[in-house]
Amino acid sequence: MAEIFKNIPEIKYEGKNTKKPLAFRYYDADRVIMGKKMSEHLPFAMAWWHNLCAAGTDMFGRDTANKSFSAEKGTMEHAKAKVDAGFEFMQKLGIKYFCFHDVDIVPEAEDINETSRRLDEITDYILEKMSGTDIKCLWGTANMFSNPRFMNGAGSANSVDVYCFAAAQIKKALELTVKLGGKGYVFWGGREGYETLLNTDVKFEQENIANLMRMAVEYGRSIGFTGDFYIEPKPKEPMKHQYDFDAATAIGFLRQYGLDKDFKMNIEANHATLAGHTFQHELRISAINGMLGSIDANQGDYLLGWDTDEFPYDVYESTMCMYEVLKAGGLTGGFNFDAKNRRPSNTYEDMFHAYILGMDTFALGLIKAAELIEDGELDAFVEKRYESFKNELGKRIRSGNATLAELAAEAEKMGSCPTPASGRQEYLESIVNRVMFG
Ligand code: XUL
Ligand code: CO
């Protein structure tokens with residue numbers, strides 16, 4: 001097999017002082033942090049669509065990068081060249097997982113039967129490439145947002161015919177995920193929402209989405225899929241309003257329709273900020289509900305109101321992410337770089353720089369999060385902050401046995417409320433800085 005990324009060596013850990021551009025400064029796969037290797041804490045994944053398909057096209061201009069990999073685009077030769085490029089790329093970086101949509105791995109045909117045939121062929125080829133490597137599939141999904149047939153939604157479509165196409169794509173993508181040994185299956189509802197309530201029956205659409213998910217779970221389990229299904233919340237874009245607005249909304253939806261045993265969240269950093277939350281907030285809400293499954297690791301831009309899908313470099317954010325992940329006992333999924341090079345970063349080398357940046361940002365975040373936990377001051381503060389609930393009355397409140405009248409009587413006995421204690425936010429932020437830079 002001819003080398004595609006010529007002049008790019010295997011990327012190695014060289015330490016933070018190295019001046020070598022193509023090297024890890026923080027990601028040291030075998031380094032043990034809190035009893036586990038970095039590579040186990042951080043199961044990184046390559047996103048097929050951004051890395052092997054996206055070439056810099058935006059609303060105002062065409063491709064800037066060449067992702068033909070020496071084959072003609074739109075052909076099965078090109079699909080195979082992308083597989084070759086993807087495996088060489090992952091091997092050079094030591095990435096052990098990949099994520100894909102059905103239409104990332106083959107050119108979509110007019111007829112869905114032909115698309116399915118192509119998908120069978122390419123997944124045979126991917127399986128061949130996987131054998132003899134330790135590269136695995138993290139999750140698969142069906143793209144139910146690009147094709148014009150989904151302009152009115154997929155699971156939320158107003159047409160039974162379109163709904164059938166969504167079902168067919170999910171069925172096939174589940175079969176492919178099982179064939180490739182995928183750990184998870186994602187639902188990202190890009191077209192599951194509305195532009196205007198003037199033409200939309202929200203309850204009807206949500207029931208249909210839930211039914212489609214239920215059928216997916218039933219079918220997936222029947223063909224041996226034992227992994228997690230994920231909802232990937234996002235509040236908007238492409239739709240004005242998307243039903244899976246944020247983790248709290250998606251978890252409520254899953255519980256309402258009895259899907260919560262089979263689903264977890266796939267939390268994307270940039271989606272969190274679009275919803276007006278921090279990344280950490282979305283992770284915390286998922287974790288406390290037992291639904292922290294997987295992560296789409298990227299970063300938004302606070303000055304821009306859309307999903308910029310940048311490679312993460314904000315170490316505060318990755319630290320607080322890893323703080324949540326460590327406290328939750330790790331992920332069942334992994335860290336998928338749902339991120340793309342900026343349009344002017346258009347060379348093969350830039351693809352490597354992007355992943356090196358992302359992997360180093362999360363490695364550094366892991367190191368700092370472990371230090372924060374080992375330091376213990378934040379935990380001790382939180383523990384102390386709620387300590388009044390350890391008295392008899394507090395215990396009765398916590399166990400759900402107190403009555404409103406009893407508590408009111410207590411307040412009346414006190415007459416005026418004792419001065420509440422400070423939340424010490426600025427002090428706690430200075431502890432974070434001490435651990436980050438001290
Ligand atoms: C879109 C997005 C998707 C999902 C998979 O914002 O994040 O790429 O991750 O469909
Ligand atoms: Co994503």
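This is a predicted model: local features need pLDDT of at least 70, side-chain atom pairs count only at pLDDT 80 or more; totals for chains, interfaces and linings use all residues.
Local features need pLDDT of at least 70 and side-chain atom pairs count only at pLDDT 80 or more, while totals for chains, interfaces and linings use all residues. Residues are numbered from 1 along each chain as its sequence is written, chains are lettered from A and ligands numbered from 1 in the order in which they are written, and side-chain values use heavy atoms, with hydrogens and water left out.

**View 1. Residues around ligand 1.** W49, H101, F145, W188, E232, K234, E268, H271, D296, D307 and D338 surround ligand 1 (a heavy atom within 4 Å). This shell has six charged, three nonpolar and two polar residues (nonpolar: Ala, Val, Leu, Ile, Met, Phe, Trp, Tyr, Cys and Pro; charged: Asp, Glu, Lys and Arg; polar: the others, Gly among them).

View 2. A side-chain N or O atom of H101 is 2.7 Å from an oxygen atom of ligand 1. For E232, the distance from a side-chain N or O atom to a ligand 1 oxygen is 2.7 Å. K234 places a polar side-chain atom 3.0 Å from an oxygen atom of ligand 1. On its own, ligand 1 has 290 Å² of accessible area, and the protein covers 94% of this (Shrake-Rupley method, 1.4 Å probe).

**View 3. The largest cavity.** Its lining comprises 16 residues, and M144, F187, G189, E192 and M213 lie nearest its centre (cavity: points on a 1 Å grid over the protein atoms alone where a 1.4 Å probe fits but cannot get out; lining: an atom within 4 Å of a point). The lining residues of the largest cavity include 11 nonpolar, three polar and two charged.

Conventions. On a 1 Å grid over the protein atoms alone, a cavity is a set of points where a 1.4 Å probe fits but cannot get out, and a pocket is an open set with protein on both sides within 12 Å along at least five of seven lines; lining residues have an atom within 4 Å of a point. A polar contact is a pair of N or O atoms within 3.5 Å; within protein, one must be able to donate a hydrogen and the other to accept it, and residues adjacent in sequence count only if both atoms are side-chain atoms.
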